[in-house]
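Welcome! Here is a short tour of a structure that may be new to you. Have a look at the sequence and the model, then read on.

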Amino acid sequence: YNPKISHSTYKQILSDMLVDEKRSYEEFIKRYRSKYKSEKYLPLWMVVELMSFGQLFTFYRNQHQSIKKSVANEFNIFPLVLDSWLHTINYIRNASAHHVRLWNKPLPVKPKIPDEKHDINWYNPVKINNDHIFVVLCIISYLMNIISPESNWNKNLISLVKKNPEIPIMSMGFPANWLELSFWL
């Protein structure tokens, strides 16, 4: 809990947690409630299971800086970078859910790129721009390589692009030599 969070935001988060619990049919919640009848709120690990990405982002954004730093360290990036990535991903998720065109237009929510001294992979063999959907694909690949290294997400994306050569990927911010970037190797 971040003491700087506004009282109204804090109350809204708690209220949303209760609403999500009531809507849920998860067996683990039923068992918890049958055993711990006097507890008003669920444990955090249960609440996180019920949160939407937007709620999780709001919850994260309102955490104390030390917690944000600890989470960002797991991804070897700075907290401000992770904040911006989550903000961008949250925007992309919501835009996609509402069928907003993303493929060839500038991103209204631009993620921060790690500085060159901290991570050269965002600059070599070409600097990745943060203004089109390609940067989001790089972020997802970066995160997936850490969260689930056995995933084939990046290989599946490469395959999809190769199977559809008629798609003008340059309009999505793909540089000509994008396959040489470490995210796709």
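The count of salt bridges here comes to three, where a salt bridge is a side-chain nitrogen of Lys or Arg within 4 Å of a carboxyl oxygen of Asp or Glu. This is a predicted model, in which local features need pLDDT of at least 70 and side-chain atom pairs count only at pLDDT 80 or more, while totals for chains, interfaces and linings use all residues. Residues are numbered from 1 along each chain as its sequence is written, and side-chain values use heavy atoms, with hydrogens and water left out.

**Salt bridges**

- Side chains of opposite charge can pair when their charged atoms come close.
- Asp 20 pairs with Arg 23 in a salt bridge whose closest N and O atoms are 2.5 Å apart.
- Both Asp 20 and Arg 23 belong to helix H1 (residues 7–23), where three residues, about one turn of the helix, separate them; helices (H or I, at least four residues) and strands (E, at least two) are DSSP runs, numbered from the N terminus.
- Are the two partners buried or exposed? Asp 20 is buried, at 9% relative accessibility, whereas Arg 23 is exposed, with a relative accessible area of 57%. Buried means under 20% relative accessible area and exposed over 50%, with partly exposed in between (1.4 Å probe, protein chains only).
- Glu 21 forms a salt bridge with Arg 33, and their closest N and O atoms are 2.5 Å apart.
- Arg 33 lies in helix H2 (residues 27–35) and Glu 21 in helix H1, so this pair ties together parts that are 12 residues apart in sequence. Glu 21 counts as buried, at 14% relative accessibility.
- In the salt bridge between Lys 68 and Asp 83, the closest N and O atoms are 3.4 Å apart.
- That pair links distant parts of the chain, with Lys 68 in helix H5 (residues 65–74) and Asp 83 in helix H6 (residues 79–97), 15 residues apart.
- Lys 68 is buried at 7% relative accessibility, and Asp 83 is buried at 16%.

**The largest pocket**

- Rolling a probe the size of a water molecule over the atoms shows where empty space is left.
- The largest pocket has a volume of about 380 Å³. On a 1 Å grid over the protein atoms alone, a pocket is an open set of points where a 1.4 Å probe fits, with protein on both sides within 12 Å along at least five of seven lines. The volume is the space filled by probe spheres set on the points, which are joined across faces, edges and corners.
- Which residues are closest to the centre of the largest pocket? Of the 16 residues that line it, these are Leu 56, Tyr 60, Val 71, Leu 82 and Leu 86; a lining residue has an atom within 4 Å of a point.
- Two or more lining residues come from each of helix H3 (44–50), helix H4 (53–61), H5, H6 and helix H7 (133–147). H4 gives the most, with five residues.
- The lining has 15 nonpolar, one polar and no charged residues. Ala, Val, Leu, Ile, Met, Phe, Trp, Tyr, Cys and Pro count as nonpolar, Asp, Glu, Lys and Arg as charged, and the others, Gly among them, as polar.

**Backbone details in the loops**

- The loop between H6 and H7 holds Pro 125, and the peptide bond from Asn 124 to Pro 125 is cis, with omega near 10°.
- Asn 76, in the loop between H5 and H6, has a positive phi of about 55° although it is not a glycine.
- His 99 sits in the loop between H6 and H7 and has a positive phi near 60°, again in a residue other than glycine. His 99 is exposed, with a relative accessible area of 74%.
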